[in-house]
Amino acid sequence: MAMISCVCSAVLEVHVGTGSVYSVEGEGAVLPAWYTSSSQKRPYISWMLKKAAAKQFQILTYLDGEVKVEETELKPRVGFLHPVLTHNISLFINATREHDSGQYICSVNVVDDIISPIRSIAIINLTVLVPPAPPACRLKGSPTVGANVTLSCASQKGKPSPLYKWQRQEPTKQVFFPPAQDRARGTLKLTNLSLDMSGLYECEAENRAGSAKCSIILEVHSTSEGAIIAGAVLGSVGALATVAFFTQRVLGYRRKKRDGQEEAANEIKEDAVAPRTPTWTRSRPADTISKTSTLSSIVGARDRPYGASPPSDTASVLTAAGSYRGPPRARAHPPATNGAPWRPPQPVAPPGGLPPSSLARAGAVPVMVPAQSRAGSLV
């Protein structure tokens, strides 16, 4: 019997636990990998990173029994999870960051093993997730009865892009659905507002890494309240304007009146003529007094009759200006005529029946007419 000898060659192969690994920013990540080989010699292992639109670069190696960490931003945070000789070549990254995301490539080479370009290389994609940053809630529109408003919610940071969810909180809890709510844009449209739609509205931004919330208070006002407030404001302004107007008019009137009084006083002071002092020493000639017949003085009161003093051609005279000409001189009564006693002459009544005192006040000069005797001769 012939013996057939066979020499079998081992084939090196690299395996990965998953093709995609997700990590939350700030947390650790493990990229699981191992290799199979029939050789007992030490392998040569290399981990490289390739980011989008960039060349790949080496971050970690194992050669001749030594581990070497390359000078990259991952140096203080990267390493082998297990001893390499156990064939477990998994990679760990501590405190992951968003820019740690990329394509991690592991290659293994062992002496005496048949190396296949396809089987000796493994690729794991790492995605570092970022929780949403606290969003900002805003209101667009006028929250009055019957109007439409839009509530918006946006987060400045988050990977992947967060989705938004609006809901109304207690005491009247309410959940919204499309098309009123757009979860990708973070908007909520409220139409035909009513007073009972007032309340606390909360928005939650969420992705695979986490969530964050913000809230806004919606206060729906009636149009009548707005009109009353506007009317009150306008009324107050109008009242102030009216008060200011009338105050200005009153002050102007008082100023004008005061100026008029001052002008009148100045005119009186400038145009007035001092009263003349009556000349008491001037007197009419004696013949003038005798020709005007007997003038009676009417300075006295009404109870004094005109006949109290005997008439005389040199009787007292009261001029129209009111100047007194002196007392009358006494004269003897004339003798009786034809046996009749003498009677004082009676004043002639003026036309219209006015008393002499009234005429004297008006400036008239009474004239005494000589009486006639019974024989018809003048006395």
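Predicted model: local features only at pLDDT ≥ 70, side-chain atom pairs only at ≥ 80, totals over all residues.
Contact, in what follows, means heavy atoms within 4.5 Å. Leaving aside neighbours within four places in sequence, Tyr 104 is in contact with Leu 31, Trp 47, Met 48, Leu 49, Ile 59, Leu 74, Leu 91, Ile 93, Ala 122, Ile 123, Ile 124 and Leu 126.

Tyr 104 belongs to the largest nonpolar core, which has 28 residues. Ile 45, Trp 47, Ile 89, Tyr 104 and Val 108 are the residues with the most contacts inside that core. At least two of its residues come from each of several strands, including β5 (43-50), β6 (57-63), β10 (102-110) and β11 (121-129). Apart from this core lies another, of 18 residues, among them Cys 137, Val 149, Cys 214 and Ile 216.

Let me turn to a sheet. Four strands form an open sheet in the order β12-β13-β17-β16, with antiparallel pairing. β12 (136-140) and β16 (181-182) stand at the edges, each with a single partner strand, so one side of each has no neighbour in the sheet. Two bridges join β16 to β17 (residues 187-190), and Gln 181 stands opposite Leu 188 in β17.

Next, the aromatic residues. There is 1 aromatic pair: the ring centres of Phe 176 and Tyr 201 are 6.1 Å apart and the planes stand at 25°, under the 30 degrees required, so the pair is stacked. Phe 176 lies in the loop between β15 (174-175) and β16, and Tyr 201 in β18 (residues 199-207), so the pair ties together parts 25 residues apart in sequence. Both Phe 176 and Tyr 201 are buried.

Finally, the charged end of Arg 208 sits over the ring of Tyr 22, 4.1 Å from its centre.

Notes: Residues numbered from 1 in each chain as written. Heavy atoms only, no water. Core = buried A, V, L, I, M, F, W, Y, C linked by side-chain atoms within 4.5 Å. Buried < 20%, exposed > 50% of the residue type's maximum accessible area, 1.4 Å probe, protein only. Pairing = 2+ DSSP bridges. Phe/Tyr/Trp six-rings, centres within 6.5 Å; stacked < 30°, edge-to-face > 60°. Lys NZ or Arg CZ within 6 Å of the ring centre and 35° of its normal.
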